[in-house]
Amino acid sequence: MRWDLTVHLFTSLLSIYQASNFFLERLKKDKVRKKDTRGMGLFSSRKAHSGFSGSNTAEEVTRGIDATALTAIITGASSGIGSETERILALRGVHVVIAVRNMSKGQAVKEAIMKENSNAKVDVMEINLSSMASVRKFASEFKSLNLPLNILINNAGVATYFKLSQDNIEMMFATNHLGHFLLTNLLLETMKSTADQSNIEGRIINVSSNAHKYSYNGGILFDNISDESRFNIMWAYAQSKLANVLHANELARRLKEEGVLITSNSLTPGAVETNIFRDTILSGKTVAAIFLLRSKYFPYSFLRTSIATSLGKYFLKTVQQGASTTCYVALHPNVKGVNGEYFRNNNISESNSKAQDTELSKKLWDFSIKLCENNGNA
């Protein structure tokens with residue numbers, strides 16, 4: 001066994017032991033509390049500047065907001081955080097367009113929302129973010145509806161073993177970043193026109209992850225983006241999430257220079273048990289634990305049983321809490337004029353140094369433009 005792997009394995013196991021003791025001590029203290037705090041997240045209950053924390057739900061952070069004048073597109077809204085985001089925005093009066101790959105699931109979510117709220121305005125449209133042709137078709141069809149567009153929430157995401165998209169790009173980078181990059185660019189003029197005519201600030205939101213901190217060395221594998229020999233599922237996922245933050249930051253800079261009434265921000269929903277890793281052996285609990293304890297050499301099966309299963313429920317958010325930061329950034333008046341920021345637990349937070357690298361964000365922008373223009377052939 002390599003020495004560096006041995007050292008990382010030892011420190012990982014030590015971290016697990018220390019973290020377990022920490023959790024157990026916190027749980028002992030929680031027993032004396034009368035309030036049930038399951039799902040609140042041990043790291044997210046402290047309120048900050050906004051007056052909200054990670055323990056708040058999407059319904060709580062948007063209470064009292066009237067958004068009946070707004071239209072929003074949400075990608076990946078057929079399950080998990082996306083469907084809850086859609087439900088809350090519709091509850092607040094937003095005309096919601098669900099952009100999904102699986103139309104039957106999208107229709108089921110729409111029906112559930114209409115059953116709860118008969119006045120909801122919800123449409124379902126098909127998009128496959130891993131296919132540039134599908135993204136272009138979606139944008140064209142949306143424009144043909146002559147609807148305004150105030151809010152674009154780039155929420156959809158996948159986590160999978162190595163495979164290539166229809167455009168021969170590594171699937172996670174293609175879906176999580178490039179599809180959203182192209183979609184945003186294709187809809188940007190519609191958003192500018194809406195903001196100009198309505199004098200209502202447009203908002204573009206990239207749903208990233210704190211996993212963005214654990215990408216490959218250098219951040220983005222520009223020269224090997226679809227090289228299977230360089231692929232690591234955890235680092236590749238983190239790379240796509242880093243790209244989400246870099247994209248939002250560079251877009252924010254460009255929108256500010258242009259002087260348009262649109263903001264661009266990114267966020268992490270926190271550790272939420274969703275089905276994003278459904279195509280792998282890793283559960284959401286496992287992945288959350290891996291990134292929480294910050295090591296690239298974890299024995300996954302051990303973590304899945306000893307931490308994720310046993311302790312995961314005490315630090316994972318519910319879907320209702322996980323969707324709160326997205327809904328907060330999309331609708332709350334506190335966020336008016338805020339541009340180029342990274343949000344966590346309903347407050348402005350700090351992304352890592354790579355995510356704040358303006359040269360890296362510009363390079364990713366140019367790289368993404370080239371991929372889109374050449375349909376994946378950089």
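In the predicted model, eight strands form an open sheet in the order S3-S2-S1-S4-S5-S6-S7-S8, and the pairing within this sheet is mixed. Strand S3 (121-126) and S8 are the edge strands, each pairing on one side only. From one strand to the next the twist averages 25 degrees. The chain as a whole contains 12 helices and 8 strands. Of its 378 residues, 55% are buried. Among contacts between residues at least 6 apart in sequence, 76% join residues at least 24 apart.

Strands of a sheet pair through backbone hydrogen bonds, either parallel or antiparallel. Strand S1 (residues 71-75) pairs with S2 in the parallel sense over 5 bridges, and Thr-71 stands opposite His-95 in S2. The parallel sense is also found between strand S4 (residues 151-154) and S5, which are joined over 4 bridges. In that pair, Leu-152 stands opposite Ile-204 of S5, and Asn-154 has Asn-206 of S5 as its bridge partner.

S1 is mostly covered, with 5 of its 5 residues buried. In a regular strand the side chains alternate between the two faces of the sheet. On one side of S1 are Thr-71, Ile-73 and Thr-75, on the other Ala-72 and Ile-74, and all of them are buried. Strand S5 (residues 202-207) has 6 of its 6 residues buried, so it is largely enclosed by the rest of the structure. Gly-202, Ile-204 and Asn-206 point one way from S5, whereas Arg-203, Ile-205 and Val-207 point the other way; all are buried. The buried residues of S5 thus include a charged one by class, Arg-203.

Helix H3 (residues 80-91) touches S1, S2, S3 and S4, and its direction makes about 170 degrees with that of S1. Helix H5 lies across S1, S2 and S3 and runs at about 145 degrees to S3.

The largest nonpolar core has 44 residues, of which Ile-73, Phe-173 and Ile-220 touch the most other members. Two or more residues each are given to this core by strand S2 (95-100), helix H5 (132-144), helix H6 (171-198), helix H7 (233-258) and helix H12 (358-373). H6 provides the largest share, 10 residues. Leaving aside residues up to four places away in sequence, Ile-73 touches Val-97, Ala-99, Phe-138, Phe-142, Leu-149, Ile-151, Leu-152, Ile-153 and Leu-187. Of these, Val-97 and Ala-99 fall within S2, and Phe-138 and Phe-142 within H5. A second, separate core has 37 residues and includes Ala-90, Val-94, Val-109 and Phe-343.

Two packed helices are described by the angle between their axes and the distance between the axes. H6 and H12 pack at an angle of about 85 degrees, and their axes are 10 Å apart. The two helices are therefore roughly perpendicular to each other. From H6 the contact involves Phe-173, His-177, Leu-178, Phe-181, Leu-182 and Asn-185; from H12 it involves Leu-364, Trp-365, Phe-367, Ser-368, Ile-369, Leu-371 and Cys-372. By class, the contact has 10 nonpolar, 3 polar and no charged residues. Phe-173, one of the H6 residues in this contact, is also among the members of the largest core that touch the most others.

Most residues other than glycine have a negative phi, and most peptide bonds are trans. Asn-345 is buried, with a relative accessible area of 10%. Asn-346 is buried as well, with a relative accessible area of 0%.

Key: Residues are numbered from 1 along each chain as its sequence is written. This is a predicted model: local features need pLDDT of at least 70, side-chain atom pairs count only at pLDDT 80 or more; totals for chains, interfaces and linings use all residues. Side-chain values use heavy atoms; hydrogens and water are left out. A nonpolar core is a set of buried Ala, Val, Leu, Ile, Met, Phe, Trp, Tyr and Cys residues joined through side-chain atoms within 4.5 Å. Buried means under 20% relative accessible area, exposed over 50%, partly exposed in between (1.4 Å probe, protein chains only). Contact means heavy atoms within 4.5 Å. Axes are lines fitted to C-alpha atoms, for helices over the stretch in contact, and angles run from 0 to 180 degrees between N-to-C directions. Angles under 35 degrees count as roughly parallel, over 145 as roughly antiparallel, 65 to 115 as roughly perpendicular and the rest as oblique. Two strands pair if DSSP finds at least two bridges between them.
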